[in-house]
Amino acid sequence: MTLKSANGGVTVSQLQSSFAEIQGELKRVLDGVNTGRILESFDILSKVTDAVVDSCEALGLASELPVVETFQRDNFWRALNHC
């Protein structure tokens, strides 16, 4: 899931794919919590959080510039914080 890129050479397609993967993992976290699999959910959330922090710049989350035209940064952070 990590997309570390010092040269900023990440494509829109890669970003969309990465965000879709992150959203899928966050859904797994919430589904796990709802079914009582708290430890498994925490493990998934920890890995997702680590990947997001490690790839923050490559994902375009460390800048105020738009990442992808349809990307809503506030919603992304709200969903991550909700988990």
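Colleague: Before we discuss this predicted model, how is a left-handed crossing defined, and which hand does the crossing of α2 and α3 have?

Modeller: A crossing is left-handed if the near helix is turned anticlockwise from the far one by less than a right angle, and right-handed if the turn is clockwise. In this predicted model, α2 and α3 pack at an angle of about 145°, and their axes lie 11 Å apart. By the definition above, the crossing of α2 and α3 is left-handed.

Colleague: Which residues of α3 meet α2?

Modeller: On the α2 side, the contact involves Leu45, Val48, Thr49 and Val52. The residues of the contact divide into six nonpolar, one polar and no charged. The partners in α3 are Phe76, Trp77 and Leu80.

Colleague: How many salt bridges does a search of the whole structure find?

Modeller: Side chains of opposite charge can pair when their charged atoms come close. One of the pairs is Glu40 with Arg37, whose closest N and O atoms are 3.1 Å apart. A search of the whole structure finds four.

Colleague: Is Glu25, the partner of Arg28 in a salt bridge, buried or exposed?

Modeller: Glu25 and Arg28 both lie in helix α1, three residues apart, about one turn of the helix. Their closest N and O atoms are 3.0 Å apart. Arg28 counts as partly exposed at 41% relative accessibility. The cut-off for buried is under 20% relative accessible area, and because Glu25 has 19%, this residue is buried.

Colleague: What is the N to O distance in the salt bridge of Asp31 and Lys27?

Modeller: Asp31 and Lys27 both lie in helix α1, four residues apart, about one turn of the helix. Asp31 counts as partly exposed, at 33% relative accessibility. The side chains of Asp31 and Lys27 meet with an N to O distance of 2.8 Å.

Note on methods:
Residues are numbered from 1 along each chain as its sequence is written. This is a predicted model: local features need pLDDT of at least 70, side-chain atom pairs count only at pLDDT 80 or more; totals for chains, interfaces and linings use all residues. Side-chain values use heavy atoms; hydrogens and water are left out. Axes are lines fitted to C-alpha atoms, for helices over the stretch in contact, and angles run from 0 to 180 degrees between N-to-C directions. Helices (H or I, at least four residues) and strands (E, at least two) are DSSP runs, numbered from the N terminus. Contact means heavy atoms within 4.5 Å. Ala, Val, Leu, Ile, Met, Phe, Trp, Tyr, Cys and Pro count as nonpolar, Asp, Glu, Lys and Arg as charged, and the others, Gly among them, as polar. Buried means under 20% relative accessible area, exposed over 50%, partly exposed in between (1.4 Å probe, protein chains only).
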